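Here is a friendly note to read alongside the structure. Keep the 3D view open and look up each residue as it comes up.

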Amino acid sequence: MRKDVANLLQRLGRRDFQYQEFADRFTEVELWPIFETLIRDPRILTMEPQAAAGPTMARPGTAVADVVMPAPRAETEEPAVQTPVVASAPAPAGGERPSLFARYGGGKREEDVTGDVRTLLHHLAQQIEQGKL
Amino acid sequence: MPFILCHSPKGGAGTSFVAAHLALALAEAGHAVTAVDMTRQDSLKLYFGMTPIQAIPDFDAPEDDAHVVAGVSLRQGYRVAHTDAFALSLARGEVPLTGERYIIADVSADDVGLRALLLPHAALVVMPVVPTAIGLAALTQAQPGTPLVEQDYTGFVINRLDETRRFGRNAHTFLRELLGGKLLGAIHEDEAVNEATARGQLLPAHTAASAAMKDIRNLAVAVAAVCAPGQDAIEDVA
């Protein structure tokens, strides 16, 4: 432990610090381009049309085990030898992309935000601030 | 019992650290645990107060040869895992990945062959992610053929999180949104980890109030919950 930290603890009459996590609010997250790049990458988020029926991500309150552990593996399952996704595969239209933040809207889509992650984020942020979400 | 595969698509993500301390935390919680170092670096043992020159028993050594530190039985599995016979033994169920113990394997980022070999036998893959731009980008390489958010039997943990850093803070929020319940936890940057290793001490003994160790204990609770009996999916399918 550094001396200045030790001195501070001594002045505070404490033996150690309590760590508290101050997570960013969703609305305060900066829209780094890498985030947008990743959620447009088919290796990160599914691009299957089936996803339109609902988000692929866990909803708040879902038990961790239910999220991490899906249906049991079939006993006949082959070892994981899979065909790599072609990195340059074209991204589908925005309407087919599962919404990263669909949980906030119960999975529904807004026509004016499809295909534009930044617009989507701003739109959701406004709704949160207005107490609609 | 659970075979937990610790692997990250990015080298330097702290996979050995996570594997070692997850083993320690599970042992602290009263579980029987074996930690298997399947990396060529052979560095897992350093987190158990050992020195580089000290050897730990091979994975296939007799049980009597066990080297136990803080309730964790340590094994070196790199040599065994890279023999021609290993895949066959694994397929025949001859590799002791079942039983009453947690078995936690530390596999190098680049050793994707071994990862693929072990994956079907794993109850859970614990994937450390460093909250940097490169760390996030490496997630695209996590498992070819399966989108990240659809990877079953996989739990992610952010490692070396520094919330005084803007990007790290934002990346934490981003990953929480992206991964939902698959994000099992976050481990804060903690210089005590390096200091404890440099002194040849266990982290909990070196710094009782270690922020990283506290986070690891929370991770162990999450992992134990995921692997708890009753989760049909964790049954070995070898």
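1. Contacts along chain A. Please keep in mind throughout that this is a predicted model. Let's start with how chain A folds back on itself: of its contacts between residues at least 6 apart in sequence, 63% join residues at least 24 apart. Chain A contains four helices and zero strands, and reading from the N terminus its elements run α-α-α-α.

2. Burial in chain A. How much of chain A is buried? Buried residues make up 19% of its 133 residues. Just after helix 1 of chain A comes A:Gly13, with a positive phi of about 70 degrees.

3. The make-up of chain B. Now turn to the other chain. Chain B has nine helices and eight strands. Buried residues account for 51% of its 238 residues. Among its contacts with a separation of 6 or more, 73% are between residues 24 or more positions apart.

4. The overall size of chain B. Along its principal axes, the C-alpha trace of chain B spans about 50 × 45 × 35 Å. Why can we say that the radius of gyration of chain B agrees with a compact globule? A compact globule of 238 residues would have a radius of gyration near 18 Å, and chain B has 17 Å, which agrees.

5. Helix 1 of chain B. This helix has 14 residues, and the distance from its first C-alpha to its last is 20 Å, close to the 20 Å expected at 1.5 Å a residue. Is it enclosed or in the open? Of its 14 residues, 13 are buried, so helix 1 of chain B is largely enclosed by the rest of the structure. Just after this helix, B:Gly30 takes a positive phi of about 100 degrees.

6. A helix pair to look at. Helix 1 (residues 15-28) of chain B packs against helix 9 (residues 211-226) of chain B at an angle of about 70 degrees, and their axes are 9 Å apart. Because of that angle, the two helices of chain B count as roughly perpendicular. On the helix 1 side, the residues that meet helix 9 are B:His21, B:Leu22, B:Ala25 and B:Leu26. Their partners in helix 9 of chain B include B:Met213, B:Ile216, B:Leu219 and B:Val223. Sorted by class, this contact has nine nonpolar, one polar and one charged residues.

7. B:Asn159 and its surroundings. Find B:Asn159 in strand 7 of chain B. With 27 C-beta neighbours inside 10 Å, B:Asn159 counts as buried, the cut-off being 20 or more. Which residues does B:Asn159 touch, not counting those up to four places away in sequence? They are B:Ala13, B:Gly14, B:Val18, B:Pro128, B:Val129, B:Val130 and B:Ile187. B:Asn159 and B:Ala212 are 53 residues apart in sequence, and their C-alpha atoms are 8.9 Å apart in space.

8. Two backbone angles worth checking. Most residues other than glycine have a negative phi. B:Arg160, however, has a phi near 60 degrees, a positive value in a residue other than glycine. B:Arg160 lies in strand 7 (residues 154-161) of chain B, and it is buried, with 22 other C-beta atoms within 10 Å. B:Asp42 also has a positive phi, near 60 degrees. You will find B:Asp42 in the loop between strand 2 (33-37) and strand 3 (67-69) of chain B. With 15 other C-beta atoms within 10 Å, B:Asp42 is partly exposed.

9. A loop glycine to finish. Where is B:Gly200 found? It sits in the loop between helix 7 (191-198) and helix 8 (203-206) of chain B. B:Gly200 has 13 C-beta neighbours inside 10 Å, so it counts as partly exposed. Leaving out residues up to four places away in sequence, B:Gly200 touches B:Gly49 and B:Thr51. The C-alpha atoms of B:Gly200 and B:Cys6 are separated by 23 Å, and these residues are 194 apart along the chain.

Definitions and conventions: Residues numbered from 1 in each chain as written. Chains lettered and ligands numbered in written order. Predicted model: local features only at pLDDT ≥ 70, side-chain atom pairs only at ≥ 80, totals over all residues. Buried ≥ 20, exposed ≤ 12 C-beta atoms within 10 Å, placed from the backbone. Contact = placed C-beta atoms within 7 Å. Rg over C-alpha atoms; globule rule 2.2 N^0.38 Å. Axes fitted to C-alpha atoms, helices over the stretch in contact; angles between N-to-C directions. Parallel < 35°, antiparallel > 145°, perpendicular 65-115°, else oblique. Nonpolar A, V, L, I, M, F, W, Y, C, P; charged D, E, K, R; others polar. Expected span 1.5 Å × (residues − 1).
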